[in-house]
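Reader: I'd like to learn how to read salt bridges in a model like this one. Can we go through a few together?

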Amino acid sequence: MNKPLVGAFLAALLLGAGVAPAVAAEPAGSASEVSAEAAPQTKYTAPDTAPAAKAVTFAGTVALSNCSGSVVRIPDAAPTDPALVLSNGHCMESGFPGPGEVVVDQPSSRTFTLLNASGSGVGTLRASKIAYGTMTDTDLSLYELTSTYQQIEDSYGIQALELETAHPTAGTAITVASGYWKRTYSCDIDGFVHQLKEGRWTWKDSVRYTPECQTIGGTSGSPVIDDATGKVVAVNNTGNESGQECTDNNPCEVDENGDVTVREGINYAQQTYNMVPCIGAGSKIDLTREGCALPKP
């Protein structure tokens with residue numbers, strides 16, 4: 001993950017590589033230059049009482065200059081709250097935060113291309129700040145926008161994706177929706193990893209996908225959506241490219257006993273339910289709220 005973003009992307013293309021955590025793609029022309037004026041396979045059969053699966057589209061996803069993301073909200077967010085964009089900590093324009101580093105309320109004017117259901121860019125959203133970002137225990141960033149949820153819906157007819165408030169379960173059918181590539185990946189949650197180690201970073205209780213989700217560089221930050229509920233359960237962030245152990249771009253799994261497992265070609269995400277208690281009134285990040293366990297500065 002320490003490779004320069006452009007170099008990492010070109011290397012992935014030359015090697016035909018699959019995933020790179022923190023492998024942000026760098027296109028010839030950024031999707032975020034759009035003017036503001038302007039059936040998944042599963043391993044199980046859901047019971048008859050389960051809700052009908054909702055079609056996962058690109059509506060609410062965004063493209064960053066080097067990654068993917070999504071406009072998200074907590075269940076009780078007010079329409080007048082400033083909207084939030086979810087991506088990876090390693091996708092921040094300020095660079096990879098080091099182990100133990102937490103970014104809070106850092107000014108930002110970054111832009112995001114908002115996509116509609118078919119994946120077409122319909123306008124540009126702009127950040128006012130990085131509300132939160134880290135690569136410690138998890139790999140996420142939350143940008144606060146200059147637009148409210150209501151303004152986005154009024155202007156583009158697009159609603160934010162809702163964050164799930166409960167821990168996901170193994171066997172759940174999911175879709176990884178990349179706004180950068182305008183491509184989706186469908187698979188199941190295979191299980192959860194006690195510790196996922198990659199280079200200098202360690203992430204806890206990570207989501208492991210079944211092999212069908214062969215995400216690639218540029219999909220970093222994509223929302224992982226529960227097919228049954230349409231809610232965001234995780235944020236896509238990494239995968240083991242070449243079978244190396246615990247190196248950059250080759251995360252390894254470490255269990256409670258310290259035993260290490262390497263799964264070449266398998267990809268991972270970071271859960272997002274644990275973010276919800278840290279978002280308070282006005283959709284503002286408040287790390288002092290009860291139940292908030294995200295790393296603090």
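Predicted model: local features only at pLDDT ≥ 70, side-chain atom pairs only at ≥ 80, totals over all residues.

Reader: How many salt bridges does the structure hold?

Author: It holds 10. Take E144 and K129, whose side chains meet in one at 3.9 Å, N to O. E144 lies in strand β7 and K129 in strand β6, so the pair ties together parts that are 15 residues apart in sequence.

Reader: Are E144 and K129 buried or exposed?

Author: Both are buried. D137 sits in the loop between β6 and β7 and K204 in strand β11, 67 residues apart. D137 has a relative accessible area of 26%, and K204 comes in at 46%.

Reader: What about R263: which residue does R263 form a salt bridge with?

Author: That's E253, with the closest N and O atoms 2.8 Å apart. R263 is in the loop between β15 and β16, while E253 is in strand β14. R263 counts as partly exposed at 31%, whereas E253 is buried at 8%.

Reader: Which side chain does R208 make a polar contact with?

Author: E253 again, at 2.9 Å. R208 is found in strand β11 and, at 11% relative accessibility, counts as buried. R208 also touches several other residues, including R263 and Y268.

Definitions and conventions
Residues numbered from 1 in each chain as written. Heavy atoms only, no water. Helix = DSSP H or I, 4+ residues; strand = E, 2+ residues; numbered from the N terminus. Buried < 20%, exposed > 50% of the residue type's maximum accessible area, 1.4 Å probe, protein only. Polar contact = N/O pair within 3.5 Å; in protein donor to acceptor, adjacent residues only side chain to side chain. Contact = heavy atoms within 4.5 Å. Salt bridge = Lys/Arg side-chain N within 4 Å of Asp/Glu carboxyl O. Lists of a residue's contacts leave out its neighbours within four places in sequence.
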